Amino acid sequence: MGFDLMNLVQLAGGLALFIYGMTTMGSGLERAAGAKLEKTLEKMTGNIFTALLMGLVVTAIIQSSSATTVMVIGFVNAGIMTLKQSVGVILGANIGTTVTGQILRLDSGGTMSDSMIMQLLKPSNLAYIMVLAGIILLLTSQSKRRRSIADILIGFGVLFIGMSTMESAVSPLADLPQFSQMFAAISNPILGVLVGAGVTAIIQSSSASVGILQALSTTGAITYSAAIPIILGQNIGTCITAFLSSIGGSKNARRTAMVHFYFNLIGSIIFLVVIYAVQYTVGFSFWSEAIDKAGIANFHTLFNVVVTILFLPFTRVLVFLAEHTIRADEEKADPLAKLEPRLLATPSVALDQAQHCIADMGSAALDNYALAMDPLFQGVPQDTAAFQARESFLDRAEVEVAKYLVQVRADLPENLRRQHMEMLHSLSDFEKIGDYEQNIFDAVGALRANGGSFSEDAIAELRVMAEAVGELLEKTVNGYLEQSVSIAKYAEPIEEVVDLLKETLKDRHIERLNAGACTIQTGMPFLEIVHDLEKIGDHCSNIAIYTIQLVEGSGSFDTHSFSKQAYKSSPEFRQAVSYFETKYMNALPRKTPEA
């Protein structure tokens, strides 16, 4: 019986089962390994060897060098990993991707004379038992860890069922002379590399592509001379996923994809030159022999291990080639580039990146506060362009970070859920601080445009309140940046004094109005600025309390309850309030009849 349409359908179905099983097993292993797998990858890139080890381990777990490379591109694009750090991970990923082929070779060999137990332990037979066990575990367990184990069992079983299906589908090809002739033609190294690269690029998985080749090898029609160029091409073809992932990323993200490409391209060229030089001079005794699944797995592993060893002393060469392929330009770093979509599958890393963006909002608000207040007290011109650039960033960041946080996976553990809540609260408060700074900036600009000015006492009073709010904002931002309770705890006492300053300044302003020392035209901007300063203080207080609650592990985000019960009743709070009252209330100018 020849190879017909049904065999083709079976081959496609087997491939689908193979890829599904590989993906399911990888996902289960990843979850069982813990949610911090990728975060560990991010942290353990201090030197080339730890980076290589982590790249190997992570890829062996998730069963895809493409997935690891895409993850690394995401880290580089977000700025949490450098191009140089990414090289070691990519080298390790290329070794880790050979694990699938080595698993599949376990099903090689065996005869009918084997005992029943040995027959059951063969992966192709054991696969059905593992799927059955996995399904039972999946249906009877509510534990996330056990369901992850169930996915590992089901994935492993489906992986081998898919391989077995592909082998059955291609078995008729063994009797077709055309099939042998086709692979004889592919023995041409250039054609073999192109075929391997093309197939792998289409299905975007070198592991799956190697699996197809291993299935075809069971026909006995594929020789070493035909398989070797195809395997080298498969390593080149797997780079397509990284290229697609880097589109639209930063130049260093695109360079990371190029590092992956050059590793496989240069390695393949070296192997082709050496192998064919030896073959044409000395000759390999096995060159025309049929290759089996074990031979394919071993050569795939040999290639990646040898090329990794060769490149270890020359990682800078890969960086050099990538940098000169993707030329440097005047690319301006966007702080929101930290919101890397590829990191959303890793909530802990994604939340950290979003938190960095919110911290950038705090720094922008701190800079804009100086730009809003300095023209009032120092007589410097208003820098409208710089102010509006930061205000625009605050508005844009609130929208983009909120959208990013919404996309973070819903099944967050308790500690990450609290962090998620805190970030949403703080995000809004930092943006509102920017809005009140905008009000102050506009009020000062309007006052200048109308030729108005405040009295000396009014300016001196505003200066004191502005200094208090400035210190409050600085401690709030620094407390958030460093996630420091000891810094954030100063915010609430200063905010109490800011409230007191607001009432004092309003009372004094009314006295000046009654005494005719100021006019309605200058009085209204004065009150507006006092109001806006007090509102900035309120939002600083909220952010500081959220920071304290998060760091101390509070289960609630009720700022009023926290400030009234947990902190305001403490002696430390009253002492801090007394200190800042003395510092700022005593700094107010003495009242005079003219004031």
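Predicted model: local features only at pLDDT ≥ 70, side-chain atom pairs only at ≥ 80, totals over all residues.
## Helix 12 and helix 16

Two packed helices are described by the angle between their axes and the distance between the axes. For helix 12, which covers residues 206-217, and helix 16, which covers residues 293-311, the axes come within 8 Å and cross at roughly 150°. Angles over 145 degrees count as roughly antiparallel, and helix 12 and helix 16 are therefore roughly antiparallel to each other. The crossing in which helix 12 passes helix 16 is right-handed.

On the side of helix 12, the contact is made by Val210, Leu213, Gln214 and Ser217, while helix 16 contributes Lys293, Ile296, Ala297 and His300. Sorted by class, the contact of helix 12 with helix 16 has 4 nonpolar, 3 polar and 1 charged residues.

## Helix 14 and helix 15

The axes of helix 14 (residues 239-246) and helix 15 (residues 251-281) also come within 8 Å, and they cross at roughly 170°. Helix 14 and helix 15 are therefore roughly antiparallel to each other.

Helix 14 takes part in this contact through Cys239, Ala242, Phe243 and Ser246, and helix 15 takes part through Ala253, Arg254, Ala257, Met258, His260, Phe261 and Asn264. The residues of the contact of helix 14 with helix 15 divide into 7 nonpolar, 3 polar and 1 charged.

## Cysteines

A disulfide is a covalent bond between the sulfur atoms of two cysteines. The structure holds 0 disulfides.

Buried means under 20% relative accessible area, so cysteine 239, at 1% relative accessibility, counts as buried. Cysteine 357 likewise counts as buried, because its relative accessibility is 0%.

Notes. Residues numbered from 1 in each chain as written. Heavy atoms only, no water. Axes fitted to C-alpha atoms, helices over the stretch in contact; angles between N-to-C directions. Helix = DSSP H or I, 4+ residues; strand = E, 2+ residues; numbered from the N terminus. Parallel < 35°, antiparallel > 145°, perpendicular 65-115°, else oblique. Left-handed = near helix turned anticlockwise from the far one by under 90°. Contact = heavy atoms within 4.5 Å. Nonpolar A, V, L, I, M, F, W, Y, C, P; charged D, E, K, R; others polar. Disulfide = S-S within 2.5 Å. Buried < 20%, exposed > 50% of the residue type's maximum accessible area, 1.4 Å probe, protein only.
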